[in-house]
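User: I have a model to go through. Can you walk me through it?

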Amino acid sequence: MLAPGNELVIGVRDLVSGFGDTTVLDGVSLDVTRGEILGCVGASGIGKSVLLRTIVGLLPRRSGRITVFGEDPARLGARARRALERRWGVLFQQGALFSSLTALQNVQFPMREHLSLSRRLMDEVAVAKLEMVGLDASVCDKIPSELSGGMIKRVALARALALDPEIVFLDEPTAGLDPIGAAEFDTLIKTLQQTLGLTVFMVTHDLDSLHAVCDRIAVLADRRVITVGPMSAMLASDHPWIRSYFRGVRSRVGEPVRVA
Amino acid sequence: MSDRLLDLSVTDGRLALAAAGSWTADRAGELERLVETAVRRARGVSAVEIRMGGVERLDTFGAWLLERLVRTLRTDGRTAAVLDLPERWRALVDVAHAVNRTPIPRRRFNPLADALARLGETVVGLVRDLLLIVQMFGELTVVALRTALRPWTFRFTSTVHHLDRVGWRAVPVILLMTFLIGCIIAQQGLFHFRRFGVETYVVDMVGILVLREIGVLMVAIMVAGRSGSAYTAELGSMKMREETDALRTMGFDPLEVLVLPRVVALVIALPALTFVGSMAALYGAGLVAWLYGGMSPDIFLSRLHDAISIDDFAVGMIKAPFMALVIGAVASVEGLEVKGSTESLGLHTTASVVKSIFLMIGLDGLFAMFFATIGM
């Protein structure tokens, strides 16, 4: 499944996960290689976010193996785990900005906790991050409740990138944004991925995002990953769910059906 | 050599900087100091060249520090050249070149002005709160009158549901709390009155205190904490999720559908709970007087009969529905004032309890003066 020479960054093997009595994921296997953007799709409630949250260790798993940079996060000691967590950033669906801190302080929070830097450098790098995600210095002293939905997502992305991680996890990055904002965000993700050499794992419902930025797409159905491949493979697939997802009324490829 | 991030050497009036190792977040603190040293050393020279060929890793921190170095040197009037930059970092260095062009705006901080501003805001807020509560009373009166003229529009099921929640289900906790308060007052009274040999007056004290003041006040405070906060939280979350707006667009008045049944339930429940609570307090006092003070229940009851009049009981019971109105009005005002965010919901729920307790105590003072004047 892997192209030769591509370094494995995230490896998931036979993962079983769920809440209480319900098993959400049963036997999920998935590989993410360095420098790619992998989009994870699936019906609502199928467990895309559960997969993301299990990989980053927010949800316990019942069985299976997860490796990130070749190490299993669950088996690491506290110190090694912190070191590992520094190498990834997570963008949550609602942004999850700390509501009592300003935008600048939100971005500085990981730096403050993990690094010992001068205040000047932290200010400068945090502003640089905010500018890299397309904001300007005027948002610095605003608190999250003073920001619009799109700005919150951008600040949250800047926070996820605060320590220059190697992987970013994005949970529905374009949900709740208007098409223009969503397209800008897609471009931003692509640009940042190229500039910073990021590996991106993103959960999404946005067909445009999948077209625009994803190198490969993993489809989650029946509690497992049923197929992984580039967009062309998705469009060629005969699986009924994949057909209706990628070639349905709302996609703009295949047979376009006009909705008045 | 990868441990040296930046090597400095001066030749022929030129400063040559050789960068090496990982220019990343982990070593950014160290790198910043090196960059500052380089800037100082550059004071004596006219040209600086920075060779980036030896750098193994570069991230935003490193790219920014390189940019800061170059920018500072150029502002100081030196010529600075970056050489041998590996092609893969070109994009990142270009990004760093574009950022931090405008200074960070800072909110100005003036302690005196801030303190004055806060004071002013508090006063304005207080006046506004009072007006809102008065307005709520007005609107509730209008809604109540309208409902009285068309009784079939009254939400009876909803009222019974709330009555069950704020009244019936509150009985155990109210009973326990007031029983304990009765016990404590009696015990304290016995302990201190014993020194004067007037233990029997404990009965007078307990009877008057409980029936006139403690019974209604304690129960009302408990209800404000238990049900007032719940009302605010419910109405607030309905406001947040636009449920109240949905009601309006369907032609319903949220006050009539949501607020009136809740307030009516409180106005019925609070006097009932006050009665139950007062009885429990008297029972507790009697028990302590018997077990701790050695006063038999017969004597306690006959003393109580002499000590209190129906007026004492009436004073407490008359106050109860007014307390309920205060709790209901404040809880509704605060609930409907909730804005979009969850922090706002938390703030208003807290404010609801604090304000209704404060207003109830104020109201109790007014009642005390009123009843004293009319000789009750």
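**Contacts between the chains**

Analyst: To start, 26 residues of chain B are in contact with 31 residues of chain A, where contact means heavy atoms within 4.5 Å. This is a predicted model: local features need pLDDT of at least 70, side-chain atom pairs count only at pLDDT 80 or more, and totals for chains, interfaces and linings use all residues. Residues are numbered from 1 along each chain as its sequence is written, chains are lettered from A and ligands numbered from 1 in the order in which they are written, and side-chain values use heavy atoms, with hydrogens and water left out.

User: How much area do chain B and chain A bury between them?

Analyst: About 2,200 Å², with 58% of it on carbon and sulfur atoms. Buried area is the accessible area (1.4 Å probe) that two parts lose on being put together, summed over both.

User: How many salt bridges between chain B and chain A?

Analyst: Two. A salt bridge puts a side-chain nitrogen of Lys or Arg within 4 Å of a carboxyl oxygen of Asp or Glu. A:Arg86 pairs this way with B:Asp26, with 2.6 Å between the closest N and O atoms.

User: Which elements give two or more residues to the side of chain B that touches chain A?

Analyst: α1 (28-41), α2 (60-75) and α3 (90-98) of chain B. Helices here are DSSP runs (H or I, at least four residues), and strands are E runs of at least two, numbered from the N terminus. The most comes from α2(B), with five residues. By class, that side of chain B has 13 nonpolar, four polar and nine charged residues. Ala, Val, Leu, Ile, Met, Phe, Trp, Tyr, Cys and Pro count as nonpolar, Asp, Glu, Lys and Arg as charged, and the others, Gly among them, as polar.

User: Which side chain does B:Arg68 meet in a salt bridge?

Analyst: B:Glu36, at 3.8 Å from N to O. That pair ties helix α2 of chain B to helix α1 of chain B, 32 residues apart.

User: New topic. What does the domain assignment of chain B give?

Analyst: Domain 1 (6-98) and domain 2 (148-373). The bounds come from an automatic or database domain assignment. Their centres, taken over C-alpha atoms, are 71 Å apart.

User: Which residues of chain B does UniProt list for "transmembrane region"?

Analyst: The unreviewed entry lists several spans, including 202-225 and 313-333. UniProt positions are in the numbering used here, feature names are shortened, and annotations may be inferred rather than shown by experiment. Residues 202-225 of chain B are 100% helix, with end C-alpha atoms 30 Å apart. Residues 313-333 of chain B are also 100% helix, with ends 31 Å apart by C-alpha.
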